[in-house]
Every structure is written in structure tokens, then in C-alpha cells.
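Have the sequence and the model open as you read.

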Amino acid sequence: MDDERPDVLTIGRLAHRTGLSVRTLRFWSDEGAVPPVARSAGGYRLYDAESVARVELVRTLRELGLGLDDVCRVLSGRTTVAEVADAHVAALDAQIRSFKVSRAVLSTVAKRGSTVEETALMNRLARLSAAERKQIIDEFKEEVFGGLDDPRLRDRMRTFSIELPDDPTPEQVDAWIELAELVRDPGFRARLRTWMELNTPVQGQGHPHGASIWWARQIVQTVAEVRKGGVAPEGPTAAEVLSELFSERFQRCH
């Protein structure tokens with residue numbers, strides 16, 4: 001048959017010409033991406049020189065990540081390569097951002113030696129939407145700074161925001177995870193609120209002169225003493241010292 005019609009290719013010869021497997025070509029043919037130009041008397045698929053060019057185009061589009069449905073739409077003229085490429089660029093950008101976030105989370109997990117629970121929490125924090133990230137910061141600002149009678153502070157807090165870029169670097173994701181963990185910590189919020197109340201003047205009420213300076217000096221002296229004693233900043237003893245400094249008892253006494 002091939003000798004009689006040298007311009008016609010069986011699927012085997014098409015596979016040999018293009019370097020693809022018969023199985024792949026048969027699948028593409030069944031899906032309509034590379035339809036046969038004719039059938040032999042025995043019902044076998046036949047292809048021609050244009051089929052070779054079509055196979056090369058299909059292979060190129062597939063290597064670029066297009067599905068066969070999109071390939072068929074392009075080949076049938078229902079859409080253009082440019083239109084499909086634009087959609088795939090957007091999809092790839094989203095995937096790349098997701099991969100970057102995953103890499104950043106895994107890097108942090110490896111660095112910290114995190115547990116499964118910590119890993120799950122970091123992954124959730126890293127993948128929050130912009131609105132969800134803003135809500136965390138807004139709740140923190142309200143709990144720590146809300147109700148304080150200081151117009152300048154209110155103005156500063158109103159404009160204060162934490163933005164994570166749409167295409168963050170691993171370092172930015174890692175920094176956001178640390179910040180989110182910190183501002184969501186009830187203990188940190190309570191201690192910072194106490195500090196703000198101690199150092200924010202109350203309108204119409206007397207404010208001890210030098211109270212803020214005295215308290216700051218007390219903190220510096222206390223920290224210097226415990227550090228001189230060999231207490232590590234990240235250890236439990238240091239946490240107890242900080243809790244004592246910011247405790248309600250300390251606020252009542254001073």
C-alpha cells in the first residue's frame with residue numbers, strides 16, 4: 001500500500017517520522033488533534049505530509065503545557081494561540097506564586113524543625129488572602145491600641161498596615177509567618193496593651209512625671225541583670241521575667 005501511495009503515511013510511519021510513539025499518536029488522533037486524512041481498505045488510519053506538521057505543532061503546544069482540549073480549539077480556529085497562551089501565563093503565574101509559598105513554608109519548617117501541627121499552622125498563615133491578612137492586623141490593632149486617648153497614636157495606627165506582595169519572596173513569606181504568629185499570640189497582645197496603657201497619657205487625669213522613663217529604665221536594668229546571669233532570651237526563664245514586668249501587679253504598683 002505504501003509503495004502504491006508514497007505520499008500517504010500509516011500511523012507507524014508517522015510515528016517513525018516524528019519520533020513519537022504509536023500509542024501517543026493514536027490517542028491524539030482519537031481526541032481529534034491529529035485526525036487521519038483517510039482510511040485504508042482495511043480501515044487503517046492514513047496520514048500525509050501536513051499531518052507531520054500538525055503533529056509537530058501539537059507536540060509544541062503540549063510541551064508548553066496546553067491540554068488537548070485547548071490544542072484542538074486552536075487547531076480548529078475556535079481560538080488563537082495568543083489567547084490560549086495568555087490564559088496559561090496567568091495560570092502559570094498563580095502556580096509559581098503557590099510554589100514560592102510552598103518553598104518558603106518548607107524552608108521555615110526545615111529551619112525550625114517544626115512539628116506537624118506547627119507546619120499546618122504556618123501553611124495556613126502563608127496562604128491567607130490579602131483580606132484575611134488585613135483582618136489579623138486590624139484585630140491586633142484594635143485589641144492593643146483601641147480606646148487609648150491619644151489622637152496621634154490613633155492616626156498612626158489608622159495608616160499602619162502590613163502588606164505581603166502578590167509575588168512574595170521566600171524571605172517575605174517567612175517574615176509574614178513570624179509576624180502573624182506574634183500578633184496572634186494572646187500573651188503578646190496583653191503585654192503590649194499593658195505597656196501602651198502605662199505610657200499613654202489619659203486626658204483630664206494626672207500623669208506621674210517621668211513614669212514612662214522610670215519604667216523603661218526598670219526594663220533595661222532587669223533585662224541586663226538576667227542576661228548577666230546567663231539567661232537566654234528565648235528560654236522559659238526570660239518569658240517569666242517578661243510576664244512579671246508586664247503583669248497586672250506591676251501595673252498597680254506603678
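## How α3 starts and ends

At the start of α3, a side-chain oxygen of D48 comes within 3.2 Å of the backbone nitrogen of E50. That is a polar contact, meaning a pair of N or O atoms within 3.5 Å; within protein, one must be able to donate a hydrogen and the other to accept it, and residues adjacent in sequence count only if both atoms are side-chain atoms. Helices (H or I, at least four residues) and strands (E, at least two) are DSSP runs, numbered from the N terminus. This is a predicted model, where local features need pLDDT of at least 70 and side-chain atom pairs count only at pLDDT 80 or more, while totals for chains, interfaces and linings use all residues. Residues are numbered from 1 along each chain as its sequence is written, and side-chain values use heavy atoms, with hydrogens and water left out.

How far apart are the end C-alpha atoms of α3? They are 22 Å apart, which agrees with the 21 Å that its 15 residues should span at 1.5 Å a residue; the expected span is 1.5 Å times one less than the number of residues. After α3 comes G65, with a positive phi near 100 degrees.

## The buried side of α3

Which residues of α3 are buried? They are S51, V52, V55, V58, R59 and L61, where buried means under 20% relative accessible area, exposed over 50%, and partly exposed in between (1.4 Å probe, protein chains only). These buried residues pack against β1 (9–10), α1, α2, β3 (45–47), α4 and α5 (81–112); a contact here is heavy atoms within 4.5 Å.

S51 is a handy one to click on. S51 counts as buried because its relative accessibility is 5%, and, leaving out residues up to four places away in sequence, S51 touches L14, V34 and V37.

L66 sits in the loop between α3 and α4. Not counting residues up to four places away in sequence, L66 touches L61, V71, V84 and H88. L66 and V81 are 15 residues apart in sequence, and their C-alpha atoms are 10.0 Å apart in space.

## Two nonpolar cores

A nonpolar core is a set of buried Ala, Val, Leu, Ile, Met, Phe, Trp, Tyr and Cys residues joined through side-chain atoms within 4.5 Å. The largest one has 20 residues, and L14, L25, W28, A33, V34, V55 and V58 have the most contacts inside it. At least two residues of this core come from each of α1 (11–18), α2 (22–30), α3 (49–63) and α4 (68–75). There is also a second, separate core of 14 residues, with L125, I136, L148 and A180 among them.

## Salt bridges

Side chains of opposite charge can pair when their charged atoms come close. With a salt bridge taken as a side-chain nitrogen of Lys or Arg within 4 Å of a carboxyl oxygen of Asp or Glu, the count is eight. E56 and R59 are three residues apart in the helix, so about one helical turn separates them. E56 is partly exposed, at 32% relative accessibility.

The bridge between D138 and K134 (2.6 Å, N to O) is also about one helical turn, as the two are four residues apart in α7 (residues 130–145). D138 is partly exposed at 30%, whereas K134 is exposed at 52%. Shared partners join K134, D138 and K141 into one salt-bridge network.

K111 and D174 also form a salt bridge, their closest N and O atoms being 3.4 Å apart. This pair links distant parts of the chain, with K111 in α5 and D174 in α9 (residues 170–183), 63 residues apart. K111 is exposed at 61%, but D174 is buried at 13%.

## The whole chain

Zooming out, the chain has 13 helices and three strands. Of its 254 residues, 31% are buried. Among contacts with a separation of 6 or more, 54% are between residues 24 or more positions apart.
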